[in-house]
Amino acid sequence: MKLLGWVLGLLLFVGGIDDIATINRLKKQAEEAYQKGDYTQAVQYYQLLVDSMQVQDERVYLNLAHAQLHAGDTATAQRQYGQLMNAESAAIKSVAYQQLGNLTTQQQQYQDALAMYKESLKANPANEDARYNYELVKKLQKEQEQQQDQSEDNQDQSDEEKEQEQQNQEQNEEQSEQQQDQEGESTDEQNQDQQQSDSEQQEGDQQSEEADPQEQNTQQGEEQSEGEKSEEEMSNSPLSERLEEMNISEEKARMILEAMRNNEMQYIQQNRRKPTKPKDRSKPDW
């Protein structure tokens with residue numbers, strides 16, 4: 001029995017030595033791959049250590065998360081860092097929080113990032129990288145807030161401009177309607193004035209037509225009266241003045257008058273010499 005126990009202990013010792021050798025070999029291979037930038041191969045080596053060799057080493061877990069992050073598997077790396085938030089090593093815990101802060105910063109979740117950096121500094125106040133990142137993110141957060149405020153101001157200004165533009169458009173439409181109404185009223189007034197003017201003109205023409213015959217009669221009467229007056233004036237004027245107006249001398253006027261009298265006497269005498277026709281007794285007197 002004692003011999004059997006000794007043999008089993010020897011086998012376990014030899015097996016343990018082999019496991020330690022394998023673990024050390026895998027760690028070395030993982031580190032070499034990570035340093036060469038072959039992060040996919042490094043992830044495979046670290047994964048063998050955790051899954052196959054059942055290594056419970058917080059540094060191996062941290063290096064696995066680093067390799068996963070560089071290999072592009074951000075989501076898996078973030079979960080791996082999250083498992084180290086309660087790490088026993090303060091240094092590893094601080095780095096895990098720092099990396100989580102970096103990831104949330106990339107996602108522009110500045111408030112969450114600042115909280116992660118605070119936890120990192122609590123775990124290890126000597127972590128200068130975490131401190132630097134914390135100050136940097138504070139500036140980024142301030143700029144983000146300023147941009148948001150500016151964006152809100154621009155939005156408010158844009159809303160005000162749109163509202164003002166709408167008001168101006170409504171005012172222009174209202175002014176246009178008022179102008180159209182005024183033009184319509186002016187046109188109506190002009191039409192009414194034109195109609196009234198035409199009506200007054202027509203009435204004036206009618207009155208003029210009615211007054212024309214009276215004016216013509218009056219004018220004719222005035223002309224006739226003037227003619228009669230002229231003849232009367234001529235008859236009442238001295239003979240010499242009338243002859244002078246007719247450009248006839250008195251002697252010539254006497255000769256004309258004497259000739260007219262002679263002609264009149266001859267005409268009377270000729271009428272007396274004409275035989276009279278005998279009366280027809282066969283016809284009645286009437």
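User: Which side chains meet K27 and D57 in a salt bridge, and how should I read that pair?

Analyst: This is a predicted model. Side chains of opposite charge can pair when their charged atoms come close. Here the side chains of K27 and D57 form a salt bridge, with 3.5 Å from N to O. The pair connects distant parts of the chain: K27 belongs to helix 1 (residues 2-36), while D57 sits in the loop between helix 2 (39-51) and helix 3 (58-70), 30 residues apart.

User: Are K27 and D57 buried, partly exposed or exposed?

Analyst: K27 counts as partly exposed because its relative accessibility is 24%. D57 is partly exposed as well, at 26%.

User: How many salt bridges does the structure hold?

Analyst: There are 3 salt bridges. One of them joins K122 and E119, at 3.7 Å from N to O. These two residues are 3 apart in helix 6 (residues 110-123), so about one helical turn separates them. K122 is exposed, with 63% relative accessibility, and E119 is partly exposed at 30%. E128 and R131 also meet in a salt bridge, at 4.0 Å from N to O. Both lie in helix 7, 3 residues apart, about one turn of the helix. R131 is partly exposed at 34%.

User: Which residues gather in a patch of negative charge on the surface?

Analyst: A patch is made of residues with over 30% relative accessible area and no salt bridge. The negative patch in this model consists of E145, D149, E152, D153, D156, D159, E160, E161, E163 and E165. Take D149 as the example: D149 is part of helix 7 (residues 128-236). With a relative accessible area of 43%, D149 is partly exposed.

User: What is T104 in contact with, beyond its neighbours within four places in sequence?

Analyst: T104 contacts Q109, D112 and A113. T104 itself lies in helix 5 (residues 90-106). Buried means under 20% relative accessible area. T104 counts as buried because its relative accessibility is 6%.

User: What pattern does the protein chain follow along the sequence?

Analyst: The chain has 9 helices and 0 strands, giving the pattern α-α-α-α-α-α-α-α-α. Of its 286 residues, 17% are buried. The chain exposes about 22,800 Å², and carbon and sulfur atoms supply 45% of that area.

User: How should I read contacts between residues at least 6 apart in sequence?

Analyst: Look at the share that joins residues at least 24 apart, which in this chain is 39% of those contacts.

Methods
Residues are numbered from 1 along each chain as its sequence is written. This is a predicted model: local features need pLDDT of at least 70, side-chain atom pairs count only at pLDDT 80 or more; totals for chains, interfaces and linings use all residues. Side-chain values use heavy atoms; hydrogens and water are left out. Patches are made of residues with over 30% relative accessible area and no salt bridge: like charges are joined within 9 Å, nonpolar side chains (Val, Leu, Ile, Met, Phe, Trp, Tyr) within 5 Å. Accessible areas come from the Shrake-Rupley method with a 1.4 Å probe; for residues, only the protein chains shown count as cover. Lys and Arg count as positive and Asp and Glu as negative; His and the chain ends are not counted. The place of a charge is taken as NZ of Lys, CZ of Arg, CG of Asp or CD of Glu. Helices (H or I, at least four residues) and strands (E, at least two) are DSSP runs, numbered from the N terminus. Buried means under 20% relative accessible area, exposed over 50%, partly exposed in between (1.4 Å probe, protein chains only). Contact means heavy atoms within 4.5 Å.
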